Amino acid sequence: RNECDNAERQTARALIADPAPALRQASAQGPVPTYYRSDTHWNLYGAALSLDALRQTLAGQGVALRWPT
């Protein structure tokens, strides 16, 4: 490895997008569930909320999340 690789590794940091607050708020406010009733996986609504949490986290770092057209 060269010095550039080492510098990149040392300055890299993880971004954490936590969808839990948005999922809890949606569950408390509305009649639409965010999980399937029969298991612990998000349904489409929960997945959309989680994707929006990721989008907001990335936007806070100056990264735009766009769908291809």
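**A predicted chain with three helices**

Buried residues make up 14% of the 69 residues in the protein chain. The model is predicted.

Student: Which pattern does the protein chain follow along the sequence?

Tutor: Start with the elements. The protein chain has 3 helices and 0 strands. Read along the sequence, they give the pattern α-α-α.

Student: Where in the protein chain is confidence lowest?

Tutor: The average pLDDT is 83, and 83% of the residues score at least 70. Helix 2, residues 20–29, has the highest confidence, at 94. Where pLDDT is low, the predicted coordinates should not be read in detail. The lowest mean, 57, belongs to residues 3–11, which form helix 1.

Student: Which residues make the nonpolar surface patch of about 400 Å²?

Tutor: Begin with one of its members, Trp67. Trp67 lies in the segment after helix 3 (44–60). The patch of about 400 Å² is made by Trp67 together with Leu51, Leu54 and Leu65.

Student: Is Trp67 buried or exposed?

Tutor: Exposed means over 50% relative accessible area. Trp67 has 67% relative accessibility, so Trp67 counts as exposed.

Student: How many Å apart in space are Thr57 and Ala17, C-alpha to C-alpha?

Tutor: Thr57 sits in helix 3. Leaving aside neighbours within four places in sequence, Thr57 is in contact with Leu15, Ile16 and Ala17. Thr57 and Ala17 are 40 residues apart in sequence, yet their C-alpha distance is 5.7 Å.

Student: Is Thr57 buried or partly exposed?

Tutor: Buried means under 20% relative accessible area. Thr57 has 22%, so Thr57 is partly exposed.

Student: Which residues does Leu58 touch, not counting those up to four places away in sequence?

Tutor: Leu58 lies in helix 3. Its relative accessibility is 17%, so Leu58 counts as buried. Apart from residues up to four places away in sequence, Leu58 touches Leu15, Val63 and Leu65.

Student: Which side chain makes a polar contact with the side chain of Thr34?

Tutor: Thr34 is in the loop between helix 2 and helix 3. Thr34 is buried, with a relative accessible area of 1%. Beyond residues up to four places away in sequence, Thr34 touches several others, including Leu23, Trp42 and Leu49. The polar contact, at 3.4 Å, is with the side chain of Ser27.

Student: Which backbone nitrogen does the side chain of Asn43 reach?

Tutor: Asn43 is in the loop between helix 2 and helix 3. Asn43 counts as buried, at 11% relative accessibility. Not counting residues up to four places away, Asn43 touches Pro33, Thr34, Tyr35 and Tyr36. At 2.9 Å, its side chain reaches the backbone nitrogen of Gly46.

Student: Is His41 buried or exposed?

Tutor: His41 also belongs to the loop between helix 2 and helix 3. The line for exposed is over 50% relative accessible area. His41 has 51%, so His41 is exposed.

Student: Which side chains meet in a salt bridge?

Tutor: Side chains of opposite charge can pair when their charged atoms come close. The structure holds 1 salt bridge. Its N to O distance is 2.8 Å, and its partners are Asp52 and Arg55.

Student: Where do Asp52 and Arg55 lie?

Tutor: Asp52 is partly exposed, with a relative accessible area of 30%. Arg55 is partly exposed, at 35%. They are 3 residues apart, about one turn of the helix, and both lie in helix 3.

Technical notes
Residues are numbered from 1 along each chain as its sequence is written. This is a predicted model: local features need pLDDT of at least 70, side-chain atom pairs count only at pLDDT 80 or more; totals for chains, interfaces and linings use all residues. Side-chain values use heavy atoms; hydrogens and water are left out. Helices (H or I, at least four residues) and strands (E, at least two) are DSSP runs, numbered from the N terminus. Buried means under 20% relative accessible area, exposed over 50%, partly exposed in between (1.4 Å probe, protein chains only). Patches are made of residues with over 30% relative accessible area and no salt bridge: like charges are joined within 9 Å, nonpolar side chains (Val, Leu, Ile, Met, Phe, Trp, Tyr) within 5 Å. Accessible areas come from the Shrake-Rupley method with a 1.4 Å probe; for residues, only the protein chains shown count as cover. A salt bridge is a side-chain nitrogen of Lys or Arg within 4 Å of a carboxyl oxygen of Asp or Glu. pLDDT is the predictor's confidence in each residue, from 0 to 100. Contact means heavy atoms within 4.5 Å. A polar contact is a pair of N or O atoms within 3.5 Å; within protein, one must be able to donate a hydrogen and the other to accept it, and residues adjacent in sequence count only if both atoms are side-chain atoms.
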